[in-house]
Each structure stands twice: as C-alpha cells, then as structure tokens.
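Hello,

Here is the structure I promised to pass on. My notes follow it.

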Amino acid sequence: MKATIVRKDTVIADPPLARFLFSDTRMAPVWLMVRLFVGFSWLDAGWHKIIDTGAKTNYIIDGQGILAFWQRIVAIPAAPAKPVIGYDFYRSFIQFMIENHWEGFFGKLIAFGETAVGLGLIFGAFVGIAAVGGAFMNLNYMLAGTVSSNPVLLLLGFLLVLAWKTAGFIGFDRYLLPLLGTPWRGVELPSAKPTRQLVTPATL
Amino acid sequence: MGIGILLTIVIVSLLAGMAVQLLGTRKSPYDFLIVGLTAAFAAYFASETFPGSSVFGTIKDFGPSIDGFYLIPGLAFGFIIATVAYTGTRDTYASDTATA
C-alpha cells in the first residue's frame, strides 16, 4: 500500500456523492422541503410560547412556564423510578438556573429563539446558523428528558448544517451569503501555478 | 389523511409538473420532478400541520376537506412552494446554450 504524504496546506476534496448532496444547488429543492418541515416545527413551538400569557405557563412575561418545566425535570423520584434527567451535570445546571431565577431571561430566549430559528429556516436566511441554533436546542431538550420530535429535528438539523451553502439557495441565502463573501460557484485555481496539491510518492 | 387522497395529491402534483414541463419556456429535464415533488410535499404538509397549529390559531375554519385533506391550505401552499421552487431553480437547471 502506498503511503500518502499530505502537506499542511492541502485541501481534501469531498467525494462526489457528498458534494452532490451538500454543495450542489440541484439539491436545493430537497433542502427547501427539509427547511419547511423543520422550520415550521420551530415556528409553531416558539409562537405558542410567545402568545401564551397564562400566569403559570407564560415564557415571555416572567418565565413561569419554563420554571415549572425545570422544577418538574430536576425532581428525583423515589426508587425504583428513574429521574427524568440522566446526567448529573445537567441536573445541577438546571438547579443552578432555578436557584438564581434565570427563568425570566431564558423564557424569552427560548420563545424568541425558537421563533427566529423557524423563520430563518422557512425563509432560508442564514440557514446554517439557524440550524445550529435549532440543533443546540434539540440537544438541550433531549438532555432534559424530552424526546418527542427532537431526535428527528436534530438529525435534520445536522443535515441542514452540512448543506449550509446550498440549503438556502431557494431563499434569502441566495443573496445574503454572496453579500458576506461566500461564493455560490467554485473558484478555479490557476492551473499554471498550482498552490495546493496532493503529494504522493509518485510526484516526489 | 387517507392513503387514497395522499396518492391523489402525488399524482395531481406530478401531472401539474408534467404540464409545466411541456408548457414552460425553460427546457430542463427535471422541471416535472421539481414542481411535482415540492407541490405534493407542500400540499400534504400544509393540510396536516396548519390546522391546529398555534401559528394559524386565529383561523377557526380551514374550509372544506376531503378524507382529511384540507383543500384551501393544501392547494394554496402547494402552489406557492412549487412556484418558489421552480423560480428558484431557474438558473440551476438551465440548458447548456453554448454553440460551436
């Protein structure tokens, strides 16, 4: 088997299948459907929290809704029942937030954050950032013991992160990303003066 | 939603896609697929999720339904998303116009 020497400035290209799935604009209609599914799920969840003004269930007035959720999940039941949270560090983190009354801030952050992630994905604006935000919230909800639709949304969120360059092509990212300097089309390296190449024993 | 109406949505969407393929000015081999798939997905998605969601909580009546398929949100959203997908890919699948 031949050994391959790779210089530190070598760029390892993606295989053709990965390039087609995650970097090819022909896949944009597929990512549009994924974005709509994940985005509407977040928008529905976030909007539900924003419009909820119940004294014990609101998220954006004084955060009593998120506080009630935290108090429920940190409770340790009598054996043989298992606690909702599986990791002690996460239970300590939730307990810390309860004791320091962070429910007011986090209630607003969650409600408006979920809504923003949903709108970003639906309209295709900064899809990569929105998908990372959504996946991070999915991770936290699962650490808090809530399964529901979170595993599916987390998986689709990962895929949207991988396809961040093209997932928003049918959307605002088509115009936003070029403004930020992300090229939609590959830039050809000058062939006369190669600056990056894969060095193999045959080329030495 | 019943399986019968779901199959109907898929078939009607693909027929709409084929109509676009035949009548549209852009000649690419994938127009029927883009329009058909996105219209079918959007119609199914809107009918299944819009009624009962907090986003459309103020709407109490979503109009007539056939076997669980709400016609107005389904057809409207299917048309909108298929149009957006078709328009958004107008450059992506453009035929090679280079001549010798």
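First, a definition: axes are lines fitted to C-alpha atoms, for helices over the stretch in contact, and angles run from 0 to 180 degrees between N-to-C directions. Two packed helices are described by the angle between their axes and the distance between the axes.

This is a predicted model: local features need pLDDT of at least 70, side-chain atom pairs count only at pLDDT 80 or more, and totals for chains, interfaces and linings use all residues. Residues are numbered from 1 along each chain as its sequence is written, while chains are lettered from A and ligands numbered from 1 in the order in which they are written.

Chain B

Chain B has 3 helices and 2 strands (DSSP runs numbered from the N terminus: helices are H or I of at least four residues, strands E of at least two). From the N terminus the order is α-α-β-β-α. The radius of gyration of chain B, taken over C-alpha atoms, is 16 Å.

Now the helix pair. The axes of α1 (residues 3–23) and α2 (residues 31–49) of chain B come within 7 Å and cross at roughly 145°. The contact (C-beta atoms, placed from the backbone, within 7 Å) includes B:Leu6, B:Ile9 and B:Val10 of α1(B), and B:Phe32, B:Leu33 and B:Val35 of α2(B). By class, it has 14 nonpolar, 4 polar and 1 charged residues (nonpolar: Ala, Val, Leu, Ile, Met, Phe, Trp, Tyr, Cys and Pro; charged: Asp, Glu, Lys and Arg; polar: the others, Gly among them).

Chain A

Chain A comes to 8 helices and 0 strands. Buried residues make up 30% of its 204 residues (buried: 20 or more other C-beta atoms within 10 Å of its own; exposed: 12 or fewer; partly exposed: in between; C-beta atoms are placed from the backbone). Of the contacts in chain A with a separation of 6 or more, 70% are between residues 24 or more positions apart.

One residue to look at is A:Ala125, in the loop between α5 (103–123) and α6 (127–143) of chain A. A:Ala125 counts as partly exposed because it has 18 C-beta neighbours inside 10 Å. Leaving aside neighbours within four places in sequence, its contacts include A:Gly168, A:Phe172 and A:Leu176.

Best wishes

Definitions and conventions
Rg over C-alpha atoms; globule rule 2.2 N^0.38 Å. Contact = placed C-beta atoms within 7 Å.
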